[in-house]
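Subject: Structure for your reading

Dear colleague,

Please find below the structure that I would like to hand over to you. My notes on what was found in it follow directly after.

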Amino acid sequence: QVQLVESGGGLVQPGGSLRLSCAASASIFSFYAMGWYRQAPGKQRELVAGITSGGRTNYADSVKGRFTFSRDISKNTVYLQMDSLKPEDTAVYYCNAERRLPQPSSYWGQGTQVTVSS
């Protein structure tokens with residue numbers, strides 16, 4: 001079983017920055033795609049950013065140019081650098097690991113709260 005632990009959330013003013021971390025319990029990045037998702041109260045969970053096992057990143061239009069997804073394979077950790085934060089970025093952010101072969105597998109972290117407010 002893969003365990004994921006997020007950290008780095010908190011309260012920040014609009015225009016501020018936060019760096020989220022997601023530590024995996026094993027070396028999985030060669031076979032799992034990683035994703036950052038977020039869910040605001042009363043809203044559906046949405047994909048914020050993703051990175052393939054090959055290291056290619058993609059971003060939701062709403063965060064493109066402001067957020068940066070990276071990984072440190074040696075530390076089994078991925079990061080989400082969030083800059084120019086807006087109130088609409090307020091949500092619980094979740095780390096996800098997923099692969100399709102040899103069989104579909106998906107794991108989620110417990111989430112970390114990000115609040116952007118004056």
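A charge is said to sit over a ring if NZ of Lys or CZ of Arg is within 6 Å of the ring centre and within 35 degrees of the ring normal. In this model, which is predicted, the charged end of arginine 45 sits over the ring of tryptophan 108, 4.9 Å from the ring centre. The charged end of arginine 19 likewise sits over the ring of tyrosine 79, at 3.9 Å from its centre.

Aromatic rings

Tryptophan 108 also takes part in ring pairing. The count of aromatic pairs comes to 3. In one of them, the rings of tyrosine 94 and tryptophan 108 have their centres 6.5 Å apart and their planes at 85 degrees; planes over 60 degrees apart count as edge-to-face, so this pair is edge-to-face. Tyrosine 94 belongs to strand 9 and tryptophan 108 to strand 10 (residues 105–108), and the pair links distant parts of the chain, 14 residues apart. Tryptophan 108, at 37% relative accessibility, counts as partly exposed.

Salt bridges

Side chains of opposite charge can pair when their charged atoms come close. By the rule applied here, the model has 4 salt bridges. One of them joins the side chains of arginine 38 and glutamate 46, with 2.7 Å from N to O. Arginine 38 is buried, having a relative accessible area of 6%, whereas glutamate 46 counts as partly exposed at 33%.

Arginine 38 forms a salt bridge with aspartate 89 as well, and the closest N and O atoms of that pair are 2.9 Å apart. This pair links distant parts of the chain: aspartate 89 is in the loop between strand 8 and strand 9, while arginine 38 is in strand 4, 51 residues apart. Both aspartate 89 and arginine 38 are buried.

Aspartate 89 has a further salt bridge, to the side chain of arginine 66, at 2.8 Å from N to O. Arginine 66 is in the loop between strand 6 (57–59) and strand 7, and it is 23 residues from aspartate 89 in the chain. These two residues, aspartate 89 and arginine 66, are both buried. Which residues do the shared partners join into one network? They are Arg38, Glu46, Arg66 and Asp89.

The disulfide

The count of disulfides is 1. The bond is formed by cysteine 22 and cysteine 95, whose sulfur atoms are 2.1 Å apart. Cysteine 22 lies in strand 3 and cysteine 95 in strand 9, so the pair ties together parts that are 73 residues apart in sequence. The link between cysteine 22 and cysteine 95 is left-handed, with -80 degrees about the S-S bond. Both cysteine 22 and cysteine 95 are buried.

Strand 3 also contains serine 21. Serine 21 is buried, at a relative accessible area of 17%. Beyond its neighbours within four places in sequence, serine 21 is in contact with several residues, including Val5, Glu6, Trp36 and Tyr79.

The nonpolar core

The largest nonpolar core has 31 residues, and those with the most contacts inside it are Leu4, Met34, Trp36, Leu80, Met82 and Tyr93. Several strands each supply at least two residues of this core, among them strand 3 (18–24), strand 4 (33–39), strand 8 (77–82) and strand 9 (91–99).

Methionine 34 lies in strand 4 and is buried, with a relative accessible area of 4%. What does methionine 34 contact, leaving aside its neighbours within four places in sequence? Among its contacts are Leu4, Ile28, Phe29, Ala49, Phe69 and Cys95. Methionine 34 and alanine 49 are 15 residues apart along the chain, and their C-alpha atoms are separated by 8.6 Å.

With kind regards

How values were computed. Residues are numbered from 1 along each chain as its sequence is written. This is a predicted model: local features need pLDDT of at least 70, side-chain atom pairs count only at pLDDT 80 or more; totals for chains, interfaces and linings use all residues. Side-chain values use heavy atoms; hydrogens and water are left out. A nonpolar core is a set of buried Ala, Val, Leu, Ile, Met, Phe, Trp, Tyr and Cys residues joined through side-chain atoms within 4.5 Å. Buried means under 20% relative accessible area, exposed over 50%, partly exposed in between (1.4 Å probe, protein chains only). Helices (H or I, at least four residues) and strands (E, at least two) are DSSP runs, numbered from the N terminus. Contact means heavy atoms within 4.5 Å. Rings of Phe, Tyr and Trp (its six-membered ring) pair if their centres lie within 6.5 Å; planes under 30 degrees apart count as stacked, over 60 as edge-to-face and the rest as tilted. A disulfide is a pair of cysteine sulfur atoms within 2.5 Å.
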